[in-house]
Amino acid sequence: MTDIQELLLSRIRDVADYPEPGVVFKDITPLLADPAAFTALTDALAQIAADTGATKVVGLEARGFILGSPVAVRAGLGFIPVRKAGKLPGATLRQAYDLEYGSAEIEVHAEDLAAGDRVLIVDDVLATGGTAEAAIQLIQRAGAEVSGLAVLMELGFLNGRTRLEAALDGAPLQALLKV
């Protein structure tokens, strides 16, 4: 394990039985409260943005906003929020996706992405991959290219990576931590 991985992991708190019995929630708020850890995380994700040739950063609601915004600033790129449906004013592109129990929709402002944009998607956790897959589809429908997907943590036992391989079409999926 690298020094940055040790630092990040040491600042993530396990919360048993949240949001329901049997689930261990990975709480990143201690990491966000530690300026050294948050800076290290931001720097690592900004390096991924540079390595993938990203021209914009998309953050997935809601923790992807917290992580993606400083990454965009650090990398000198624009930031675009992908929100739950109904939260953005004006013209949007909307994408539906399936959840474990039901379905949901996300959207992005139609004018924020264009042909020629290379987009790094940033989020806190890769679980089943449903939201990330919908974001990839939104970005592609807008005419932009996905340069990669970067997450703080990948919950490997949920197989989200496998689900996303075809959608990413060769673009890298990078997780700083795998649990």
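Is Arg74 buried, partly exposed or exposed? Arg74 is partly exposed, because its relative accessible area is 47%; buried means under 20% relative accessible area, exposed over 50%, and partly exposed in between, with a 1.4 Å probe and protein chains only.

The model is predicted: local features need pLDDT of at least 70, side-chain atom pairs count only at pLDDT 80 or more, and totals for chains, interfaces and linings use all residues. Residues are numbered from 1 along each chain as its sequence is written, and side-chain values use heavy atoms, with hydrogens and water left out.

**Salt bridges**

A salt bridge is a side-chain nitrogen of Lys or Arg within 4 Å of a carboxyl oxygen of Asp or Glu. By this rule the count comes to twelve salt bridges.

| Pair | Closest N and O atoms |
|---|---|
| Arg74 and Asp43 | 1.9 Å |
| Glu61 and Arg83 | 2.7 Å |
| Asp124 and Arg63 | 2.3 Å |

Arg74 in helix 4 (residues 63-75) and Asp43 in helix 3 (residues 35-51) are 31 residues apart, and their pair links distant parts of the chain. Helices (H or I, at least four residues) and strands (E, at least two) are DSSP runs, numbered from the N terminus. Asp43 is partly exposed, at 34% relative accessible area.

Glu61 lies in the loop between strand 3 (56-60) and helix 4 and Arg83 in strand 4 (residues 78-84), so this pair ties together parts 22 residues apart in sequence. Asp124 belongs to strand 7 (residues 118-126) and Arg63 to helix 4, so their pair ties together parts 61 residues apart in sequence. Asp124 is buried, with a relative accessible area of 4%, whereas Arg63 counts as partly exposed at 37% relative accessibility. Arg94, Glu105 and Glu107 are linked in a network of salt bridges.

A nonpolar core is a set of buried Ala, Val, Leu, Ile, Met, Phe, Trp, Tyr and Cys residues joined through side-chain atoms within 4.5 Å. The largest has 29 residues, and those touching the most other members are Leu113, Ile121, Ile139, Leu149, Leu164 and Leu168. Helix 5 gives the most to this core, with six residues. Apart from it lies another core, of 23 residues, including Leu8 and Ile48.

The buried residues of helix 5 include Glu133 and Ile136. Ala167, found in helix 6 (residues 160-168), is buried at 18% relative accessible area. Leaving aside neighbours within four places in sequence, Ala167 is in contact (heavy atoms within 4.5 Å) with Glu133, Ile136 and Gln140. The C-alpha atoms of Ala167 and Glu133 are separated by 6.7 Å.
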